[in-house]
Amino acid sequence: MNAFDQLLVLAAVTVLAGLFTGRQAWGGWLATLLYAGQLVLLSGMAAVGYDGASISSGLAISVPGFVLHWEMTPLSWFFALLTVGAGLLCSCYAAGEWGRRHAESHSLRLLRVTLALNVASMLLLVTSADLLGLFIGWELVSWASLLLMIQNGPAAVRAALRYLPYAMAGAMALLGAIALVYVHGGTLGFDGLRAQLAGMGTLELWTLLMLLFAGFAVKMAAVPFHLWQPQAYSEAPGAGAAFLGAISSRMGLFAMALVLVKLVGFEYLAGVSGPQAWVTPQDVMLLASAATVIIGAYVALRQDDARLLLAWSGISQGGYMMLGLFSGAPLALAGGLSHVFSYATYEAGLFMVVFAVIHRTGTADMNRLGGLVTRMPLSFLVLLMGIIGLAGLPPINGFVSKWMIYRGLLDEGMVFYFMVAVIGTLGSVLYCYKLIHNIFLGQLRLEHEAVREAPWSMTVPMLILGALMFATGYMPGIVLDWVTPVMAYLGVQPPEYTLGAIMTAGADLDMLWLVSFMLVGFGIGAVIFYSAGRAQRVHQLDNYAGGHFLTADTRYQYSYNFYPALNRLIGPLYRNSFQWLESGVLSLMNFISAGAQGIYRSVHPSLYLLAAVVLVSLFWGVA
Amino acid sequence: MHWQTVLFDVVVMPLVAFIVGLLLVLMMRRTRARLERRIGPPFFQPLYDILKLYAKEIQISHGFIHDLGIIMVVGGYITVEMFLPVPGMVGLAEKGDLIALVYLMMVPSLGMALGVGQCANPNGSIGISRALISMLGYDIPFVLVVVAAAAMYGTTSLPEIIAIQQQGGVGSWGIASMPVMALAGIITTHVMLAKEPFETYIAPAEIATGPMVEMGGKFMGGLFVVQTFQVYTAGVLFTTLFLGGGITWFDFLPKVFAVLFLPFAITILFPRYKAGEGLLWVWKWPTGIALLGLALIFTQR
């Protein structure tokens with residue numbers, strides 16, 4: 001039994017532990033320990049992650065004509081690391097006071113089991129070594145995340161049920177693609193796929209690639225398959241939402257990297273000319289990514305619920321990763337993969353802070369909050385680091401990964417996509433400031449005077465994430481050490497880098513220098529500031545109001561409709577087109593199913609059954 | 001590169017930026033005064049203003065983030081100056097490129113926004129909302145200019161961009177090789193510096209409803225310091241991208257002053273846009289011109 005088998009067993013044990021100790025107060029700490037154990041086993045497989053080796057599992061399942069097996073590759077190791085890391089921190093977050101509060105009205109056992117199920121099924125997915133295993137893992141992950149989404153009352157159920165048709169459609173697209181491959185070549189192994197592509201016609205290739213992309217894009221919540229995600233994630237229980245937001249959707253990116261980049265490769269993505277010769281599958285994928293970046297960012301800007309804002313921002317950030325992946329530029333691909341890590345750290349941190357605020361104040365409505373920085377300074381700190389990462393500014397890791405994407409896109413001459421990335425970033429600066437201003441800055445409300453900092457079981461994982469964000473922004477080489485073996489595995493030339501610097505043909509970036517001197521700059525700023533005499537602290541109501549008086553009765557906090565001038569300008573552009581599209585497709589489906597029901601229910605069902613049986617047996621005979 | 005050189009550069013570059021920035025602010029105020037038929041402030045007035053504000057007896061702070069905001073604004077710009085190569089000094093410009101610089105320049109804005117936010121004055125928050133919207137406006141043509149420079153010079157490293165123009169002579173300067181882009185660049189500089197008609201969020205008449213509403217003493221002094229860095233950075237960046245930078249300070253500084261004289265001189269002609277109107281104008285004109293310039297560059301190649 002090798003380390004990989006032990007990891008799978010431990011993941012299963014974590015699920016069982018959740019089932020049997022889910023009601024105990026110490027159950028959460030036990031689960032956290034078990035996740036830590038999984039992390040230790042993963043780091044024991046460092047040869048995979050750092051040196052590009054691979055480990056096969058002893059687990060193998062025979063199906064007629066085929067043996068399913070699982071294998072730990074650098075790509076799987078990278079995503080497994082993120083999955084288990086997110087599981088560990090989210091479990092710690094839920095283990096203490098947050099869990100006790102959650103247990104008052106919900107089932108803590110259900111949460112623990114589903115979290116462990118998510119981690120286990122994602123481990124199975126990322127280590128699958130053939131198309132059938134990929135499909136099984138895919139379904140497991142979909143159902144596990146559905147279970148995690150569905151726990152928080154009617155709104156959560158509604159949101160999760162909205163996810164269901166998307167997940168089903170995505171799975172069917174994937175199944176269709178697998179069937180196409182199987183019909184063509186009679187094998188489901190990864191190795192045979194490339195060989196079969198050579199024999200396919202243009203139409204078949206397009207069908208295959210679009211089915212694969214659509215299937216994976218549903219999980220990534222890429223436009224136009226994005227509508228399910230915001231509600232579903234924000235209604236999930238806090239620890240679960242942080243986990244889902246951080247890593248769950250990135251399974252789509254994993255599958256895109258594995259199947260579309262490694263197995264299919266750019267020679268087909270960029271080489272298949274379309275019905276009109278000027279469009280390639282790569283173009284379609286890049287356009288979808290660009291739409292995801294922009295729509296995600298500018299819809300996030302309009303949210304008043306902090307959880308929804310984060311969920312929409314997650315959609316937009318997924319678009320960046322896809323831009324990096326599909327651009328074909330090695331540097332952008334490195335950026336896209338690094339961004340999976342950067343994003344996981346700050347998105348988990350941000351979700352944790354928002355749920356800590358909900359834990360203390362009972363709301364995530366940004367129009368009902370404000371001024372919490374004086375009450376929850378640690379949460380503020382983590383949120384600040386998180387939004388700096390989300391907006392892609394130095395010194396947090398999001399800056400480095402986005403910089404690689406920008407540079408890669410520029411090197412490839414993809415000016416349009418570069419501009420899309422920048423415009424998305426500007427939008428994210430705006431919504432990030434709205435998030436931090438409306439929750440933590442401005443006036444503190446009377447009812448929040450007595451609010452305290454979140455308990456340590458919640459702040460510790462948040463602070464760990466904050467430290468990770470900073471450390472990997474300071475020393476991007478840490479993450480690139482994991483990303484470059486993945487790139488080698490995907491068959492892409494990795495960029496040159498050191499612990500702090502990334503070298504490119506156009507220009508270098510050295511974060512060790514940049515961040516160090518940024519801190520020096522801040523230090524000089526602080527010296528200048530504090531050498532100029534003591535400032536007197538005043539009460540928040542002690543300020544200038546242009547002739548009006550601010551009193552305890554007439555406080556006001558500027559948060560509603562935060563960017564009015566912008567809303568006036570771009571407001572008419574929000575037309576809910578995708579909502580219309582979604583309801584249109586759903587109505588069509590209802591219509592078809594009603595028609596089909598009418599036929600088989602009212603008219604001679606036995607006759608249709610008989611005809612079906614005859615047809616099937618005829619096919620059987622011919623085959 | 002020796003570490004002594006780097007150390008010397010990173011100390012001297014922000015200092016030079018501050019001193020030149022003071023002169024630029026003096027030019028700005030004197031130009032305006034002459035056009036309004038006033039004499040204008042004496043030579044040392046910009047410096048006196050800063051010293052006076054720092055020396056104020058009563059300093060009002062609204063909390064730690066208010067302080068931190070000012071530290072981030074000043075510190076952020078000090079960092080920016082270390083990455084902006086000038087004649088004889090490269091500083092850290094080889095450790096981060098033009099794209100990194102664009103994002104570094106957003107750090108002070110974020111600091112300002114945080115500091116104002118903590119003041120808990122709704123008018124301050126309104127000002128920040130307007131300032132950020134304005135940033136969303138001018139950063140788009142600004143980044144188009146950056147893209148054009150990257151495409152034209154084949155690099156985003158500032159020292160290399162200067163070297164290419166220095167070797168090629170005046171004909172290879174950005175203003176000659178991409179004049180349309182230079183036009184977009186100078187308009188963008190005007191908007192970035194928040195000169196009329198784009199000064200919605202810092203107009204003197206709107207002090208009470210802008211980001212500065214709770215700023216006094218050393219807080220305002222910090223912002224005055226930053227103003228010097230701001231005009232300096234804008235002038236140097238335009239000179240670097242379009243006017244070939246400079247070999248010595250004697251051919252470099254005149255260019256910087258000339259670049260900034262234009263916005264300083266014409267600003268008095270304009271009234272003031274509402275926040276959204278200005279944004280629309282920026283998205284229409286400088287952005288449109290920049291797109292045209294970009295199209296020209298790509299058709300030439």
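Predicted model: local features only at pLDDT ≥ 70, side-chain atom pairs only at ≥ 80, totals over all residues.
Residues are numbered from 1 along each chain as its sequence is written, and chains are lettered from A and ligands numbered from 1 in the order in which they are written.

Chain A comprises domain 1 (281–532) and domain 2 (578–622), with bounds taken from an automatic or database domain assignment. The centres of domain 1 and domain 2 of chain A, taken over C-alpha atoms, are separated by 47 Å.

Helices (H or I, at least four residues) and strands (E, at least two) are DSSP runs numbered from the N terminus, and two strands are paired if DSSP finds at least two bridges between them. Strand 1 (residues 55–63) and strand 2 (residues 66–72) of chain A run antiparallel and are joined by 6 bridges. Within this pair, Ser62(A) lies opposite Val67(A) of strand 2 of chain A. The hairpin formed by strand 1 and strand 2 of chain A has 2 residues between the strands, and Gly65(A) adopts a positive phi near 80° in that hairpin.

A further open sheet in chain A consists of 3 strands in the order 3-4-5, with antiparallel pairing. Strand 3 (496–497) and strand 5 of chain A are the edge strands, each pairing on one side only. Strand 4 (residues 501–503) of chain A is paired with strand 5 of chain A in the antiparallel sense through 2 bridges; Ile502(A) stands opposite Leu509(A) of strand 5 of chain A.

Two packed helices are described by the angle between their axes and the distance between the axes. Axes are lines fitted to C-alpha atoms, for helices over the stretch in contact, and angles run from 0 to 180 degrees between N-to-C directions. Angles under 35 degrees count as roughly parallel, over 145 as roughly antiparallel, 65 to 115 as roughly perpendicular and the rest as oblique. The axes of helix 6 (residues 108–126) and helix 12 (residues 238–248) of chain A come within 11 Å and cross at roughly 10°; helix 6 and helix 12 of chain A are therefore roughly parallel to each other. Residues are in contact if their C-beta atoms, placed from the backbone, lie within 7 Å. Helix 6 of chain A contributes Leu111(A), Leu115(A) and Asn118(A), and helix 12 of chain A contributes Ala239(A), Gly240(A), Phe243(A) and Ser248(A).

Helix 8 (residues 153–185) and helix 10 (residues 202–220) of chain A pack at about 150° with axes 8 Å apart, which makes helix 8 of chain A roughly antiparallel to helix 10 of chain A. Residues of this contact include Gly170(A) and Ala173(A) of helix 8 and Leu211(A) and Gly215(A) of helix 10 of chain A.

The contact between the chains takes 60 residues from chain A and 65 residues from chain B. On the side of chain A that touches chain B, helix 23 (511–530) is among the elements supplying at least two residues, and helix 23 of chain A provides the largest share, 11 residues. Strand 6 of chain A runs parallel to strand 1 (residues 60–61) of chain B, with 2 bridges joining them. Arg537(A) has Ser61(B) as its bridge partner in strand 1 of chain B.

Notes: Contact = placed C-beta atoms within 7 Å.
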